[in-house]
Amino acid sequence: MKRRLSLRYLLFFLSMTAAILPTLLVSSWFQQQLREHQAAMVQEKHLLIAKNLSLVLEQYAQQTSIVFNGLSHSLVVEHSAEDLAPLLEGVNIYALAEWQLGRGQHFFYGSLSPKLFVNPPVQLQVALEQARNNRGRVIFSGVVVEGLAQPSLILCLYQGQDRYWIGALGTQYFLKIQAALNFGEQGHAAIFDQYARVLAHPNQQWYLHAENLSELSPLVKMRKQSSGVDQFYSPALQKEMIAGFARVEPTGWRIIVPQPLAELQQQSTQLQRYAFVISLLCLLLVGVVTWFLACMIVSPIRKVVETAET
């Protein structure tokens, strides 16, 4: 009786071993492929979102430039922008003035603090110089918070003879886009000006103070490449992140779409658990079939042995 049981168990053990090894190898390969596929999908998704946002902001910059350029020509003739208020508000321009160096400024719409013109911040000085060197082209300054009621971009258009058209552009559109994009638990978008200062970010204080994050890895990479994917440590969330990034041309604005790596790993772990459970169920099924086959094989042998013994 012991021999018969031993033979049955031996066949079962050998069959299960032959089934387990391939199953484990296939399961391991599947989990590896799953991780790689998910990483690729995530990178593609984040990069695609960043690129789409860059296209949206590029169109916004073009539309704003067209409106501002057109208004500047209209004001030369009409000398009033009050009737054009809906158009200005449509692109978030809340102040419009003509400024001549050494002679002051004249506002056609809204107003700005005189301090902005008496002692222009560096961002405005750079934009004025660029406008002078590119007459007829609307130049967007970096984000300005000094002397303004809200973080703003200053539009500059050089007319000649030290005269400029100046427009104050609010950042409501950037904030609207940024706030609309949230995914996962902490996935979000962040928008920066051409100097890597915050234009729109979930961290309200960073936005209000135009925090300079020029040393952040994706922002550093955008100095040389227009788009890509990067992994970096987020000082805001204090977590390792994976992000798609893209640069807006020709303004140089920068977009980052990050998500904590831990969230992705959690999703991957859940899928791996499902794969493991499926593997166990397959092994259980194989075990039942193997035991049934072992019994079928041993049964005739047992009958022959019993016949021989009698």
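Guide: Let us begin with glutamine 178, which is buried at a relative accessible area of 7%; buried means under 20% relative accessible area, exposed over 50%, and partly exposed in between, with a 1.4 Å probe and protein chains only. The model is a predicted one, in which local features need pLDDT of at least 70 and side-chain atom pairs count only at pLDDT 80 or more, while totals for chains, interfaces and linings use all residues. Residues are numbered from 1 along each chain as its sequence is written, and side-chain values use heavy atoms, with hydrogens and water left out.

Glutamine 178 belongs to helix α5, residues 172–180. Helices (H or I, at least four residues) and strands (E, at least two) are DSSP runs, numbered from the N terminus. Apart from neighbours within four places in sequence, glutamine 178 is in contact with His188, Ala189, Ile191, Ala200, His201 and Pro202, where contact means heavy atoms within 4.5 Å.

The part for the close look is strand β5. Seven of the eight residues of this strand, residues 163–170, are buried, so the rest of the structure largely encloses it. Strand β5 has its place in an open sheet of five strands, ordered β2-β1-β5-β4-β3 with antiparallel pairing. At the edges of the sheet are β2 and β3 (139–140), each pairing on one side only. Two strands pair if DSSP finds at least two bridges between them.

Consider the two partners of β5 in turn. Strand β1, residues 93–100, runs antiparallel to β5 and is joined to it by seven bridges. In this pairing, tyrosine 164 of β5 stands opposite tryptophan 99. Strand β4, residues 152–160, is also paired with β5 in the antiparallel sense, over eight bridges. Here leucine 169 of β5 is the bridge partner of leucine 153, and glycine 170 of β5 stands opposite serine 152. The hairpin of β4 and β5 has two residues between the strands, and in it glutamine 161 takes a positive phi near 55°.

Salt bridges come next. A salt bridge is a side-chain nitrogen of Lys or Arg within 4 Å of a carboxyl oxygen of Asp or Glu. Five of them are found in a search of the whole structure. One of these joins the side chains of glutamate 98 and arginine 163, at 3.0 Å from N to O. This pair links distant parts of the chain, since glutamate 98 is in strand β1 and arginine 163 in strand β5, 65 residues apart. Arginine 163 is partly exposed, with a relative accessible area of 27%. In another salt bridge, the side chains of arginine 132 and aspartate 162 meet at 2.5 Å, N to O. Arginine 132 lies in helix α4 (residues 122–133) and aspartate 162 in the loop between β4 and β5, so this pair ties together parts 30 residues apart in sequence. Arginine 132 is partly exposed at 30% relative accessible area, and aspartate 162 is partly exposed at 31%.

Aromatic rings form a further set of links. Rings of Phe, Tyr and Trp (its six-membered ring) pair if their centres lie within 6.5 Å; planes under 30 degrees apart count as stacked, over 60 as edge-to-face and the rest as tilted. The structure holds nine aromatic pairs. Among them is the edge-to-face pair of tryptophan 99 and phenylalanine 117, 5.2 Å centre to centre with 65° between the planes. Tryptophan 99 lies in strand β1 and phenylalanine 117 in helix α3 (residues 115–118), so that distant parts of the chain, 18 residues apart, are linked. Tryptophan 99 counts as buried at 6% relative accessibility, and phenylalanine 117 counts as buried at 7%. A tilted pair is formed by phenylalanine 108 and tryptophan 165, with 5.4 Å centre to centre and 50° between the planes. Because phenylalanine 108 lies in strand β2 (residues 104–109) and tryptophan 165 in strand β5, this pair ties together parts 57 residues apart in sequence. Both phenylalanine 108 and tryptophan 165 are buried.
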